[in-house]
Amino acid sequence: MAMPRPTVAQLAYGSCTVILSTLAMLLLSGTSSGVGIAVVAVIALVLGLLVALTVPSAGPRRPAAEERPAAPATESVRATVPAPPREPVRERAVS
């Protein structure tokens with residue numbers, strides 16, 4: 001079974017979470033060392049992954065439509081379209 005592809009919403013929420021949480025943690029921590037920045041980046045990536053995985057899917061999947069047996073080739077099938085309702089004719093008032 002193939003792994004399902006992420007939806008657009010999952011990609012968007014995950015990316016925004018990574019970017020915004022990285023900026024917020026760097027500003028709040030005030031770190032300037034390479035190790036501190038790496039730790040913040042890893043935490044932001046993990047947080048973005050968690051957010052992307054918890055975004056609800058597109059909704060409940062509809063079951064596949066049941067297949068109907070094909071009509072025999074000898075019968076002709078015609079669709080009937082109802083005629084549009086008629087409106088009463090309006091006469092112009094003479095002024």
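Colleague: Let's start with L20. Where does L20 lie?

Modeller: L20 lies in helix α1. Bear in mind that this is a predicted model.

Colleague: Why does L20 count as exposed?

Modeller: The relative accessibility of L20 is 57%. Exposed means over 50%, so L20 at 57% counts as exposed.

Colleague: And what makes a nonpolar surface patch with L20 in it?

Modeller: I19, L20 and L23 make that patch, and its area is about 310 Å². For a nonpolar patch, the side chains have to be joined within 5 Å.

Colleague: Now T17. Why is T17 called buried?

Modeller: T17 is in helix α1 too. Buried means under 20% relative accessible area, and T17 comes out at 18%, so T17 counts as buried.

Colleague: Which residues does T17 touch, leaving out those up to four places away in sequence?

Modeller: T22, L47, G48 and V51. The cut-off for a contact is heavy atoms within 4.5 Å. As for L50, it is 33 residues from T17 along the chain, and their C-alpha atoms are separated by 9.6 Å.

Colleague: Which residues of α1 are buried, and why do you put them on the same side?

Modeller: Q10, G14, T17, S21 and T22 are the buried ones. They cover an arc of only 120° around the axis, so they sit on the same side of α1. These buried residues pack against α2, residues 34-54. On the face of α1 turned away from the buried side you'll find the exposed residues V8, I19, L20 and L27.

Colleague: Which residues of α2 are buried, and what makes you put them on the same side?

Modeller: The buried ones in α2 are G36, V40, A44, G48 and A52. Their arc around the axis is only 135°, which puts them on the same side of α2. The buried residues of α2 pack against α1. The face of α2 turned away from them carries exposed residues, including V35, V42, L45 and L49; L50, L53 and T54 are listed for that face too.

Colleague: Stepping back, how many helices and strands does the protein have, and what share of it counts as buried?

Modeller: There are two helices and zero strands. The protein has 95 residues, and 12% of them count as buried.

Colleague: And what is the accessible surface of the protein?

Modeller: About 9400 Å², with 65% of that belonging to carbon and sulfur atoms.

Note on methods. Residues are numbered from 1 along each chain as its sequence is written. This is a predicted model: local features need pLDDT of at least 70, side-chain atom pairs count only at pLDDT 80 or more; totals for chains, interfaces and linings use all residues. Side-chain values use heavy atoms; hydrogens and water are left out. Buried means under 20% relative accessible area, exposed over 50%, partly exposed in between (1.4 Å probe, protein chains only). Helices (H or I, at least four residues) and strands (E, at least two) are DSSP runs, numbered from the N terminus. The arc is that of the directions from the helix axis to the C-beta atoms. Accessible areas come from the Shrake-Rupley method with a 1.4 Å probe; for residues, only the protein chains shown count as cover. Patches are made of residues with over 30% relative accessible area and no salt bridge: like charges are joined within 9 Å, nonpolar side chains (Val, Leu, Ile, Met, Phe, Trp, Tyr) within 5 Å. A salt bridge is a side-chain nitrogen of Lys or Arg within 4 Å of a carboxyl oxygen of Asp or Glu.
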